[in-house]
Amino acid sequence: MHPFFFLWVLGSGGCSVVVGHPLDTVKTRLQAGKGYRNSFHCVLTIYRKETVTGFFKGMSFPLASVTVYNSVVFGFFSNTQRLISQYRYGDSRRPCGMADLTVASMLTGLMSVGLGAPVDLVKIRLQMQTQMVLAENLHLAANVQSGTVDLPARRLYRGPLHCISSILQTEGLQGLYRGAGAMILRDVPGYTLYFIPYTLLCDLLKPDGTNSLHPGSIWLAGGLAGSISWVTATPADVVKSRLQADAQLQRKYKGIVHCIVSSYRAEGAQVFFRGASVNAVRGFPMSATMFLTYELSLQFFRRF
């Protein structure tokens, strides 16, 4: 693994998590929670009931794991491109065509689920912890009428390590990969619509007669690619969020198909686009930061 990956992930990866996590919390609550009329109402509700700290619930685990995750994902994508070029053209340095980039992107999305599913699950379980605990999720539905009970001191999980331990005890190792199937449906096309638009936009913004891009162009291409990827991935992201937030105490969904059918019957087709606007806004600065730092790190280390 080249050293630039570690420099890149420590900088851009950590910054992207901190910048994007508050909106990620809003997105998760919109997709898997109840009682939010729109994004603005969700933001106000979180702030009024949980203050600013509510927006950063579940951030510690993604922040701690982003170094490994981004290193593996971008390293896998780069190495896959080189392997494809070596296999098809006999030269690992030859730039990949669009079909080759598509294959490399899809394989990267598939591989990323192995690392990303447990991280996302723990993050979502922590994000969904609120001061108002749903009665049915605590098996109090028999004694308390439908609604919520105010249990401000009650927490299912004390932190990411306790969350992991609890899931392993109650659901086993497979519990950490709940929603992984929906994540594959999200990330395989999602990474394709992440790397392909970035490549096309970079080619479009590249000045004639030069191979170098202005940092502003890299930033713009990365941000637009991130927004495109996240908006198109929103339907699968909704299903993934609902499956992962569905705790063992009172499970509502039996699987992907049951979640899709139940959500559609209860809330209509619009439910699969919840959080799309938040994803678009959140995806831009996160991806712009990652791609810009990634490309600048590449340029720096290529000098040695």
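Mentor: Arg 29 has a relative accessibility of 1%, so Arg 29 counts as buried. Keep in mind that this is a predicted model.

Trainee: What makes Arg 29 count as buried?
Mentor: The label asks for under 20% relative accessible area. Arg 29 is at 1%, and therefore Arg 29 is buried.

Trainee: Which residue does the side chain of Arg 29 meet, and why is the pair called a salt bridge?
Mentor: Its partner is Glu 50, at 3.0 Å from N to O. Arg 29 and Glu 50 do form a salt bridge. This pair links distant parts of the chain, with Arg 29 in helix 1 (residues 3-32) and Glu 50 in helix 2 (residues 39-50), 21 residues apart.

Trainee: Is Glu 50 buried or exposed?
Mentor: Glu 50 is buried, because its relative accessible area is 9% and the cut-off is under 20%.

Trainee: Why can such side chains pair at all?
Mentor: Opposite charges can pair when the charged atoms come close.

Trainee: How many salt bridges does the structure hold?
Mentor: There are 16. One of them joins the side chains of Asp 237 and Arg 186, at 2.9 Å from N to O. That pair also links distant parts of the chain: Asp 237 lies in helix 8 (residues 234-245) and Arg 186 in helix 6, 51 residues apart.

Trainee: How do you know whether Asp 237 and Arg 186 count as buried?
Mentor: Compare each value with the limit of under 20%. Asp 237 is at 0% relative accessibility, so Asp 237 counts as buried. Arg 186 is at 7%, so Arg 186 counts as buried too.

Trainee: What about Arg 125 and Glu 171?
Mentor: Their side chains meet in a salt bridge at 3.4 Å, N to O. Arg 125 is in helix 4 and Glu 171 is in helix 5 (residues 160-171), 46 residues apart. Arg 125 and Glu 171 are both buried.

Trainee: Let us turn to nonpolar residues. Which residues touch the most other members of the largest nonpolar core?
Mentor: Among the 25 residues of that core, they are Val 73, Phe 74, Tyr 191, Tyr 194, Phe 195, Tyr 198 and Phe 291. Helix 6 (180-205) is one of the helices that supply at least two residues, and the largest share, seven residues, comes from helix 6.

Trainee: What makes Val 73 buried?
Mentor: Its relative accessible area is 1%, and buried means under 20%. Val 73 is therefore buried. Val 73 sits in helix 3.

Trainee: Which residues does Val 73 touch, leaving out those up to four places away in sequence?
Mentor: They are Thr 108, Met 111, Ser 112 and Tyr 191. Also, Val 73 and Gly 109 are 36 residues apart in sequence and 8.2 Å apart in space, C-alpha to C-alpha.

Trainee: And how many helices and strands does the chain have?
Mentor: The chain has ten helices and two strands. Buried residues make up 50% of its 304 residues.

Note on methods
Residues numbered from 1 in each chain as written. Predicted model: local features only at pLDDT ≥ 70, side-chain atom pairs only at ≥ 80, totals over all residues. Heavy atoms only, no water. Core = buried A, V, L, I, M, F, W, Y, C linked by side-chain atoms within 4.5 Å. Buried < 20%, exposed > 50% of the residue type's maximum accessible area, 1.4 Å probe, protein only. Helix = DSSP H or I, 4+ residues; strand = E, 2+ residues; numbered from the N terminus. Contact = heavy atoms within 4.5 Å. Salt bridge = Lys/Arg side-chain N within 4 Å of Asp/Glu carboxyl O.
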